[in-house]
Amino acid sequence: MSVIVNLVKRLQLILLSLVVGGLAVAFLSNPAAAETYIVKMGSDKAQLVYDPPSLTINQGDTVQWVNNKVYPHNVVFDKVPGGDAALAAKLSHKALLTAPKQVVESAFVDVPPGEYTYYCTPHRGAGMVGKIIVNG
Ligand SMILES: [Cu+2]
């Protein structure tokens, strides 16, 4: 009788450790879901700015730029970590956006952490510059 009781106890312990282990693996291997952030091009008060001008995101997140006011606007990355010109070009949207609420987006997937700066070609002189900080 005690043999069976011991066996059941042992099986319970094994089952419990499997459940706990499984939960731990599921919890640790589930990365935070990727977010999508919106940057307005031209503030609601029609200032020549990106709103917000600076944005901190995580690797894997996406940024959408929405044509809001006083367009045309565009998004041209000039400085990216490591000075990678190909990466800067890939993230940029040089074509001028002329239609209301037009959207362009860049996914910051498989990119190095650090500061990414960009500007709007027609309004750079007016101070329309932006920054994306990608957390490592
Ligand atoms: Cu602009």
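Reply: Happy to; the questions below go through the strand pairing of this predicted model.

Me: Which are the edge strands of the open sheet that four strands form?

Reply: The order of the four strands is β2-β1-β4-β7, with mixed pairing. An edge strand here pairs on one side only. That description belongs to β2 (50-51) and β7 (103-107).

Me: Do β1 and β4 run parallel or antiparallel, and how many bridges join them?

Reply: Strand β1 covers residues 36-41, and strand β4 covers residues 62-67. Among the pairs, Ile38 has Gln64 as its bridge partner in β4, and Lys40 stands opposite Val66. The two strands run parallel, and the number of bridges is six.

Me: Which residue of β2 stands opposite Lys40?

Reply: In β4, Lys40 faces Val66. The link from β1 to β2 is antiparallel and has two bridges. On the β2 side, the residue opposite Lys40 is Asp51.

Me: What is the bridge partner of Phe77 in β8?

Reply: Strand β5 (residues 73-79) and strand β8 (residues 114-119) are antiparallel, with three bridges between them. For Phe77, the partner in β8 is Tyr118.

Me: Which residue of β9 stands opposite Glu115?

Reply: β8 also pairs with strand β9 (residues 129-135), in the antiparallel sense and over six bridges. Across from Glu115, the β9 residue is Ile133.

Notes. Residues numbered from 1 in each chain as written. Predicted model: local features only at pLDDT ≥ 70, side-chain atom pairs only at ≥ 80, totals over all residues. Pairing = 2+ DSSP bridges.
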